[in-house]
Amino acid sequence: MITEHKLVIADVKLVADFQRYILYWKKRFTEQPITDFCSVIRTNSEAPLEDQDNYFLLCDVLPEDRLLREQLQQKRLREILEQQQQERYDTSFHSMCMFCDQEFTGNRSVLLNHMAREHAFNIGLPDNIVNCYEFLAVLQNKLDNLQCLYCEKVFRDKNVLKDHMRKKQHRRINAKNKEYDRFYIINYLEFGKSWEEVQSEDDRELLDNLEEDWSDWEEHPMCAVCLFCEQQADTTEKLYFHMQKSHGFDFLKIKSEHGLNFYQQVKLVNFIRREIHHCRCYNCQEKFQSKIELISHMEETKHVTFLPARSTWDQPQYYFPTYENDTLLCTLSDSEDLTAEDSNEDVPVVSEDTSNLKALKQSSVLNKLLYKEKKSQ
């Protein structure tokens, strides 16, 4: 188009559907002169007339072009959210783990959570990912070609590659690789913004607007689950009371005595979830055949009451949720943020349905907080 028609389109990479965009303007250019829509840029203006060229710039400064781009963006967002919603509830998923011979069927979250827990390979929460089959295929193809997923170096054989990724802690993807952007919902949410731009937004401004933007979440409560059993509660007060009365675990007391900040609470919850999932006492490390036997042991020995050494659970690996959609994580707060009066409030548990854009923003806030702390370390 530049060579043959002298047409320059600004910010082509931000056009959500280039084919539809071109078809629209092709029709409009037959209805009105191109100069009605485009700025004219003359080159070699001081040269003889025969050596001069006129180029036509089409950009979103034109209100019609801006509106078209926004409409295409919204259409793509709807399509992506529909695709993601279908994947969230799909039970026909079938795939092998990229790091072991285990096979998974059912829902994609089973595989993704397995790779995060067992192989320390985390590509994000399942609900933040779209086109998961294609994403896994891209990653598997790189491994098949003996390429490290993080530094993207190529190695001579599979054993050398595995050893490299393990020793260098390269069991993660390269966030700077634009090839992966299409697999994350965050890249579709705001017109003209990539995940890097969203991530670099002022966290303070975003947090200041939480109450105003999401005040209606209280109308859609969703239960959080006990750390030790299947009991659910729709408020944090009820959940903490249940854990204290039924299991002898006083979360608020532990948080206060150990001075746990938000990040440490996140890691503690994920640590306890993981140990209980593996039917292992987090104090004495004794393993049991069932969760019932484990809880009985922990309550009888009072092991449920005390935390192990901080170095055991205050580890970066526990930034990542043990279970998908762990609603309890969204109710945590810094100790210094709560007054005595506030701590007695019946705090409702909010919905985590990521088909709702507000819930997508909530997930983004949690990710930003964790990202911010990890950058400061």
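A: Let's start with D65, which has its place in helix α3; helices here are DSSP runs of H or I with at least four residues, strands are E runs of at least two, and both are numbered from the N terminus. Before going further: this is a predicted model, where local features need pLDDT of at least 70, side-chain atom pairs count only at pLDDT 80 or more, and totals for chains, interfaces and linings use all residues. Numbering runs from 1 along each chain as its sequence is written, and side-chain values use heavy atoms, with hydrogens and water left out.

D65 is buried, at a relative accessible area of 0%. For the cut-offs, buried is under 20% relative accessible area, exposed is over 50%, and partly exposed is in between, using a 1.4 Å probe and protein chains only. Leaving aside residues up to four places away in sequence, D65 touches Y21, W25, L58, C59 and D60, where a contact means heavy atoms within 4.5 Å.

Now the helix itself. Helix α3 covers residues 63–88, and its 26 residues should span 38 Å at 1.5 Å a residue; the end C-alpha atoms are 37 Å apart, which agrees. That expected span is 1.5 Å times one less than the number of residues.

E87 is the one to follow next. Its side chain meets that of R108 in a salt bridge, 3.1 Å from N to O; the criterion is a side-chain nitrogen of Lys or Arg within 4 Å of a carboxyl oxygen of Asp or Glu. E87 lies in α3 and R108 in helix α4 (residues 108–119), so the pair ties together parts that are 21 residues apart in sequence. Both E87 and R108 are buried.

R20 forms a salt bridge with D17, with the closest N and O atoms 3.2 Å apart. R20 is partly exposed at 35% relative accessible area, and D17 is partly exposed too, at 21%. K238 and D234 also meet through their side chains, at 3.3 Å from N to O. K238 counts as partly exposed at 44% relative accessibility, and D234 does as well, at 30%. Going back to D17 and R20, salt bridges with shared partners join these two with K75 and E79 into one network. A search of the whole structure turns up 21 salt bridges.

Ring pairs link W25 with Y24, F29 and F37 into a cluster. Here rings of Phe, Tyr and Trp (its six-membered ring) pair if their centres lie within 6.5 Å; planes under 30 degrees apart count as stacked, over 60 as edge-to-face, and the rest as tilted. The whole structure has 16 aromatic pairs by this search. Take Y240 and F251: the ring centres are 5.2 Å apart and the planes are at 5°, so the pair is stacked. Y240 belongs to helix α11 (residues 236–247) and F251 to helix α12 (residues 251–258), so the pair ties together parts that are eleven residues apart in sequence. Both Y240 and F251 are buried. F251 also forms an aromatic pair with F249, a tilted one at 6.3 Å centre to centre and 50° between the planes. The relative accessible area is 0% for F249, which is buried, and 2% for F251.

The charged end of R172 sits over the ring of Y150, 4.0 Å from its centre; the test is NZ of Lys or CZ of Arg within 6 Å of the ring centre and within 35 degrees of the ring normal.

Finally, the wider setting. The protein has 17 helices and seven strands, and buried residues make up 41% of its 377 residues. Of the contacts with a separation of 6 or more, 56% come from residues 24 or more positions apart.
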